[in-house]
Amino acid sequence: MRKLRMAGTVTAMFLLVMIILITSFQIAIYGDSEYRFYEKEYRKYRVTEDLHMSMENVMKVTDYMMDYLIGREEVLSVKTEVDGRRQDFFNEQDRLHMADVRKLFLGGLKIRNFLVVFVAALFLLSLLWKNRKEGQKERDIGNQCFRAYSISLGVFLLTITLLAVAVSVDFTACFTLFHELFFSNDLWLFDPASDYMIRMLPEGFFADMVFRIGGIFLGILLGVWVLFYLWKRYENYKERL
């Protein structure tokens, strides 16, 4: 029974890490309501010069695009000054591809919300089982969660390291593989000569975003590990009293 409980706890901790991963995406993409990271990237890659747009107009397009991605807008269409004339910034391919991206992103958030409820339910069941089991040591759950989370953390840290190496060696190949795995069409293949969106969001932008997500993910992972460690120490301290 003890091994079964440990297996269940490890499963719950893996799901917790998945919750943290999806949340890291959300924080990286939407954590700053003024999108200062995006503006910094636009300056870095000289996006305004390439599009012949003002930074103000680029940021207005960004605000609308991000509202669409999160579901606050239903139609991806923004009239603005680009390339010296007023026109819709997005074309039909943009709209079709971003519709796929929105489904993927919102689907991920729904999965995250379901996992939050599921992991919370597992945790409550563990507490109820502890209270029912006569002679159960007070520190067992804290220690078990710490061990299980440490196992999950080790697996994901190894995965992150391997991904970081792969991305550093050949980001284009990783970027292509990601799209081939998650999209069933080739609408993500844009022509910079005719598509404004891909000129606003060059490959370098996505590379920087990947490392931004990775940094947030790693920071939260380690922060949660510290919390579990402190919980374990507290329970052990109570046991000695």
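Here is a friendly conversation about the side chains of this structure, which is a predicted model.

Reader: How many aromatic pairs are there?
Author: Ring pairs in this model are found from the distance between ring centres, which must lie within 6.5 Å. By that rule, the count of aromatic pairs is 21.

Reader: Are the rings of Phe-114 and Phe-118 stacked or tilted?
Author: Let's look at the geometry together. Their centres are 6.1 Å apart and their planes meet at 15°. Planes under 30 degrees apart count as stacked, so the pair of Phe-114 and Phe-118 is stacked.

Reader: Which helix holds Phe-114 and Phe-118?
Author: Phe-114 is exposed, with 54% relative accessibility, while Phe-118 is partly exposed at 36%. The two are 4 residues apart, about one helical turn, and they lie in helix H5.

Reader: What kind of pair do Phe-146 and Trp-225 make?
Author: Here the ring centres are 5.4 Å apart and the planes are at 50°.

Reader: Which ring has the charged end of Arg-212 over it?
Author: A cluster linked by ring pairs has among its members Tyr-30, Tyr-38, Phe-205 and Phe-37. The charged end of Arg-212 sits 4.5 Å from the centre of a ring, and that ring belongs to Phe-37.

Reader: Which element gives the most to the largest nonpolar core?
Author: This core has 40 residues, and Tyr-38, Tyr-42, Phe-89 and Met-200 touch the most other members. Elements giving two or more residues to the core include helix H1, helix H2, H5 and H9. The top contributor, with 10 residues, is H4.

Reader: Which residues is Tyr-38 in contact with, leaving aside its neighbours within four places in sequence?
Author: Tyr-38 is one of the residues that touch the most other members of the largest nonpolar core. With those sequence neighbours set aside, its contacts are Ile-29, Thr-62, Met-66, Phe-205 and Met-209.

Reader: How many residues are in the second, separate core?
Author: Among its members are Ala-12, Met-13, Val-17 and Val-224. The number of residues in this second core is 18.

Reader: Is Arg-199, which forms a salt bridge with Asp-83, buried or exposed?
Author: The closest N and O atoms of Asp-83 and Arg-199 are 3.9 Å apart. The pair links distant parts of the chain, from the loop between strand S1 and strand S2 to helix H8, 116 residues apart. Asp-83 is partly exposed at 32%, whereas Arg-199, at 12%, is buried.

Reader: What is the N to O distance in the salt bridge of Asp-88 and Arg-95?
Author: Arg-95 is partly exposed, with a relative accessible area of 23%. Its side chain meets that of Asp-88 in a salt bridge, and the N to O distance is 3.4 Å.

Technical notes:
Residues are numbered from 1 along each chain as its sequence is written. This is a predicted model: local features need pLDDT of at least 70, side-chain atom pairs count only at pLDDT 80 or more; totals for chains, interfaces and linings use all residues. Side-chain values use heavy atoms; hydrogens and water are left out. Rings of Phe, Tyr and Trp (its six-membered ring) pair if their centres lie within 6.5 Å; planes under 30 degrees apart count as stacked, over 60 as edge-to-face and the rest as tilted. Buried means under 20% relative accessible area, exposed over 50%, partly exposed in between (1.4 Å probe, protein chains only). A charge sits over a ring if NZ of Lys or CZ of Arg is within 6 Å of the ring centre and within 35 degrees of the ring normal. A nonpolar core is a set of buried Ala, Val, Leu, Ile, Met, Phe, Trp, Tyr and Cys residues joined through side-chain atoms within 4.5 Å. Contact means heavy atoms within 4.5 Å. A salt bridge is a side-chain nitrogen of Lys or Arg within 4 Å of a carboxyl oxygen of Asp or Glu.
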